[in-house]
Amino acid sequence: GPGTHSKWTFEEGGGCLASNLKDYTRFTFVRDPTIRAISTFAEVMSRHVSTMDEKEFVLHYPRGSVKCPLSDLSICMETYLMNYLAGIDVDHHTDSQISYIGGGSPCSAELSAAPFNFIGRFEHLKEDWRRLMRIVSKNTKNVSISNYEFRPKHVTSEHASAQTKKSEYVQTMFRYNTTISALAWPMVCKIYIDDYKCLGYPVPSICKERQ
């Protein structure tokens, strides 16, 4: 499927793309918006860390530095989300998933706006991959599902650069030490409400209360 770094619509290119892809099985995989909110925040933050110690990270921006205490990383998540929504510090990893796979418009409960034959979930990657392969093998001649078994590979950082290892460490720290605060939740709801609704994930009660 298309990567999430470039927005794509089925009608792109004056209908040429739609015509060329009509015989293909189009698929993508999505992720729980709540988990993704924290994960993308961790990835974005790892690029801004200038110094760190056992108590806090210091994030460096062109407009100045921000301290993130390890005891409460939600402070920096709140600041980042406010800047993102204001268009000040925009990283497209934070964009909603439906803004890419749905062409920028909210989709129906049946995902009619999403131009894909199959949408799997990251949380059930192995099982959904097998479901996808069954669809592909049924629609494609001379394709055996056994040739496309899901085989996860362990990616080692043994030979990674010091900067890459630092980035991985920071991402891990943020992922496992960040919770979505009461101040951050309304912003998460605003960014990802269509992801919850359109991709079949339960809408958090706090988001329902704000509708």
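## Ground rules and layout

This is a predicted model, so local features are listed only at pLDDT of at least 70 and side-chain atom pairs only at pLDDT 80 or more, while totals for chains, interfaces and linings take in all residues. Residues are numbered from 1 along each chain as its sequence is written, and side-chain values rest on heavy atoms, with hydrogens and water left out.

The protein has 8 helices and 5 strands. Helices here are DSSP runs of H or I with at least four residues, strands are runs of E with at least two, and both are numbered from the N terminus. Read from that end, the order is α-β-α-β-β-β-α-α-β-α-α-α-α. Of the 211 residues, 39% are buried; that means under 20% relative accessible area, with exposed being over 50% and partly exposed in between (1.4 Å probe, protein chains only). Take the contacts (heavy atoms within 4.5 Å) between residues at least 6 apart in sequence: 60% of them join residues at least 24 apart.

## The nonpolar core

A nonpolar core, as used here, is a set of buried Ala, Val, Leu, Ile, Met, Phe, Trp, Tyr and Cys residues joined through side-chain atoms within 4.5 Å. The largest one has 39 residues, and the members touching the most others are Phe57, Leu81, Phe174, Ile180, Val188 and Tyr196. At least two core residues come from each of α2 (33-46), β3 (56-61), α3 (74-85), α4 (98-101), α6 (162-177) and α7 (185-198). Helix α7 gives the largest share, 9 residues.

Tyr196 has quite a list of partners. Skipping residues up to four places away in sequence, Tyr196 touches Pro33, Thr34, Trp185, Val188, Tyr201, Pro202, Val203, Pro204 and Cys207.

Helix α7 is largely enclosed by the rest of the structure, because 10 of its 14 residues are buried. Those are Trp185, Met187, Val188, Cys189, Ile191, Tyr192, Ile193, Asp195, Tyr196 and Cys198. One of them, Cys198, has a relative accessible area of 4%. The buried residues of α7 pack against α2, α3, α4 and α8 (205-209).

As for length, the 14 residues of α7 should span 20 Å at 1.5 Å a residue, and the end C-alpha atoms sit 19 Å apart, which agrees. (The expected span is 1.5 Å times one less than the number of residues.) There is still a bend of about 65° at Tyr192, taken as the angle between axes fitted to the seven residues ending there and the seven starting there. Just past the helix, Gly200 adopts a positive phi of about 85°.

## The disulfide

How many disulfides are there? Counting pairs of cysteine sulfur atoms within 2.5 Å, the total is 1. The partners are Cys189 and Cys207, with sulfur atoms 2.0 Å apart. This pair links distant parts of the chain, 18 residues apart, with Cys189 in α7 and Cys207 in α8.

The link between Cys189 and Cys207 is left-handed, at -85° about the S-S bond. Both Cys189 and Cys207 are buried.

Helix α3 has 12 residues and reaches 16 Å from first C-alpha to last, close to the 16 Å expected at 1.5 Å a residue. Its buried residues are Ser74, Cys76, Met77, Glu78, Tyr80, Leu81, Asn83 and Tyr84. Glu78 counts as buried at 14% relative accessibility. Beyond its neighbours within four places in sequence, Glu78 is in contact with Ser181, Leu183, Ala184 and Met187.

Leaving aside neighbours within four places in sequence, Phe41 is in contact with Leu73, Cys76, Met77, Tyr80, Phe174 and Thr178. The C-alpha atoms of Phe41 and Tyr80 are separated by 8.0 Å, though the two residues are 39 apart along the chain.

## A parallel strand pair

Strands β1 (residues 27-30) and β5 run parallel, joined by 4 bridges; strands pair if DSSP finds at least two bridges between them. Phe29 stands opposite Gly120 in β5. Strand β5 (residues 118-121) has a covered face made of Phe118 and Gly120, and an uncovered one made of Ile119 and Arg121.
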